[in-house]
Amino acid sequence: MDTDRLNRWLTLGANLGVLTGIILIFIELNQNADLMRAQMVQSRADNLVSSYEIRMHSDYWPEIGVKRRAAASYEDWIDSLTPNEYERVRYLYFRELNDIRSQYYMYQEGLLPQEIWDEATRGQIVRMMRLERALKWGCNPDSEFNVVLNRIASEEGVPECDPNENGSR
């Protein structure tokens, strides 16, 4: 009888140990997910600061910015650019598009906080869609990513990408 009793206590102790271990692993996973989100937010902030710093020390971005602020529309701005400035803006567009794709993936995976997607990324999408329209580039409106971009553009009153334009993403 003492052996049965000891066996039950040992089994109970082992089960409690396993349960405690599972709870601790769950807590650690939550902490890792929070840390991952914080790192992504910090990385995004670092990229933005770096982008501004590059433009701040640039010989050409201030002039491009002055032309943008002086233009009545994105189309007028694009028309006012020199060929070299146009290429710089074109590369800026590709950088922005890649950044938004990355944020979209992180958002879909639950790694980008909702408030960043709703505020910062949405504004970035609006600027990029206006630029895309001014550059007269087309897109594949059926891709999942472009469907999201077009939905946000429509909600914000910005022209959607046009698959009939000259180029494509």
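What covers the buried residues of α4? The cover includes α1, α2, α3, α5 and α6 (144-156). The structure is a predicted model, in which local features need pLDDT of at least 70 and side-chain atom pairs count only at pLDDT 80 or more, while totals for chains, interfaces and linings use all residues. Residues are numbered from 1 along each chain as its sequence is written, and side-chain values use heavy atoms, with hydrogens and water left out.

Helices are DSSP runs (H or I, at least four residues) numbered from the N terminus. Helix α4 has 26 residues and reaches 37 Å from its first C-alpha to its last, close to the 38 Å expected at 1.5 Å a residue; the expected span is 1.5 Å times one less than the number of residues. Its buried residues (under 20% relative accessible area, with exposed meaning over 50% and partly exposed in between, for a 1.4 Å probe and protein chains only) include Leu 92, Tyr 93, Glu 96 and Tyr 104. Just after α4, Gly 110 takes a positive phi of about 80 degrees.

Helix α1 (residues 2-56) has 55 residues and spans 80 Å between its first and last C-alpha atoms, close to the expected 81 Å. The buried residues of α1 are Met 40, Arg 44 and Ser 51. These buried residues pack against α4 (83-108) and α5 (114-135), where contact means heavy atoms within 4.5 Å. Leu 12 is also found in α1; Leu 12 counts as partly exposed because its relative accessibility is 42%. The C-alpha atoms of Leu 12 and Lys 136 are separated by 70 Å, and the two residues are 124 apart along the chain. Ala 38 lies in α1 and is partly exposed, with a relative accessible area of 42%.

The largest pocket has a volume of about 610 Å³. On a 1 Å grid over the protein atoms alone, a pocket is an open set of points where a 1.4 Å probe fits, with protein on both sides within 12 Å along at least five of seven lines, and lining residues have an atom within 4 Å of a point. Grid points are joined across faces, edges and corners, and the volume is the space filled by probe spheres set on the points. The lining comprises 22 residues, of which Tyr 52, Arg 55, Leu 92, Glu 96 and Arg 127 lie nearest the centre of the pocket. Helices α1, α2 (61-70), α3 (74-80), α4 and α5 each supply at least two lining residues, and α1 gives the most, with six.

Charges also sit over rings, a term that requires NZ of Lys or CZ of Arg within 6 Å of the ring centre and within 35 degrees of the ring normal. The charged end of Arg 55 sits over the ring of Trp 61, 5.3 Å from its centre. Arg 88 lies over the face of Tyr 60, at 3.4 Å from the ring centre.
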